[in-house]
Amino acid sequence: MLLLVRHAMPAYGPTVPPHEWPLGTEGWQAAQRLIARLPKDACLVSSDEPKAWQTLGGDDTVTRDRRFNEVTRVEPWEGNYRELRRAYVEGADHADWEPRAEVAKRFDDGITEHLALASGRPLVVAAHGMAMTVWVKVRLGLQSPGDFWADLRFPDAHLVDLDLGTVERALAL
């Protein structure tokens, strides 16, 4: 079993870079609801960004792996950041944004390694919306990556079946 989790709502602002954002109060509450519903014997892995590993509890039971980090990019704090992100997951190239092929490769390498390490136990990976979407698009042939990305919640959990090539929302949070 592979469960992809999009992190809970962070506390954010223009003075702190996005890769350093911790969870906010609402995010911690949502994370606790999520954690209570995860398989008890799951291997927990996240990106090394605070909002991701905190979504899975924020303690030493969560393995952190940079391969699950969000897309590296330069984007405006204000303005059309949602449109830029959606266009990116749909295939648009933006200057100073990590190439999608590199994102998909690092993410896939991480999934492959951690599935092997899980030895049949459920694997829960907490990551980020764009990186998850890019990987699902490449690995499973997702037809509408922009819609998938736009529909992601804070937090969200999707069950991925690599044998069937499917992804579906797993938990009502």
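1. Basis of the values. The model is predicted, so that local features need pLDDT of at least 70 and side-chain atom pairs count only at pLDDT 80 or more, whereas totals for chains, interfaces and linings use all residues. Residues are numbered from 1 along each chain as its sequence is written, and side-chain values use heavy atoms, with hydrogens and water left out.

2. Helix pair H4 and H5. Helix H4 (residues 100-118) packs against helix H5 (residues 129-140) at an angle of about 85°, and their axes are 9 Å apart; helices are DSSP runs of H or I with at least four residues and strands are runs of E with at least two, numbered from the N terminus. The axes are lines fitted to C-alpha atoms, for helices over the stretch in contact, and angles run from 0 to 180 degrees between N-to-C directions. H4 and H5 are therefore roughly perpendicular to each other, a term that covers 65 to 115 degrees. On the H4 side the contact (heavy atoms within 4.5 Å) involves Arg100, Val103, Ala104, Phe107, Asp108, Ile111 and Thr112, and on the H5 side Ala131, Met132, Val134, Trp135, Val138 and Arg139.

3. Ala104, in helix H4, is buried with a relative accessible area of 5%, where buried means under 20%, exposed over 50% and partly exposed in between, for a 1.4 Å probe and protein chains only. Leaving aside residues up to four places away in sequence, Ala104 touches Val134, Trp135 and Val138. The C-alpha atoms of Ala104 and Arg139 are separated by 7.8 Å, although the two residues are 35 apart along the chain.

4. The structure holds 14 salt bridges, each being a side-chain nitrogen of Lys or Arg within 4 Å of a carboxyl oxygen of Asp or Glu. In one of them Asp93 pairs with Arg100, with the closest N and O atoms 3.0 Å apart; Asp93 counts as exposed at 67% relative accessibility, while Arg100 counts as buried at 18%. Another joins Asp109 to Lys105 at 2.8 Å, N to O, and both residues lie in helix H4, four residues apart, about one turn of the helix. Asp109 is partly exposed at 32%, and Lys105 is exposed at 51%. Asp65, Arg67 and Glu113 are linked in a network of salt bridges.

5. Asp156 and its partners. Arg169 forms a salt bridge with Asp156, the closest N and O atoms being 2.6 Å apart. This pair links distant parts of the chain, since Arg169 belongs to strand E6 (residues 166-169) and Asp156 to strand E5 (residues 156-161), 13 residues apart. Arg169 is partly exposed, with a relative accessible area of 27%, whereas Asp156 is buried at 1%. A polar atom of the Asp156 side chain also lies 3.0 Å from the backbone nitrogen of Arg153.

6. Glu70, a buried charge without a salt bridge. Glu70 sits in the loop between strand E3 (62-64) and helix H3 (81-90). Glu70 is buried yet has no salt bridge, and the nearest side chain of opposite charge, that of Arg73, is 5.0 Å away; Lys and Arg count as positive and Asp and Glu as negative, with His and the chain ends not counted. A polar atom of the Glu70 side chain lies 2.9 Å from the backbone nitrogen of Ala131. With residues up to four places away in sequence left out, Glu70 touches Glu49, Glu98, Arg106, His128, Gly129, Met130 and Ala131.

How values were computed:
A polar contact is a pair of N or O atoms within 3.5 Å; within protein, one must be able to donate a hydrogen and the other to accept it, and residues adjacent in sequence count only if both atoms are side-chain atoms. Angles under 35 degrees count as roughly parallel, over 145 as roughly antiparallel, 65 to 115 as roughly perpendicular and the rest as oblique.
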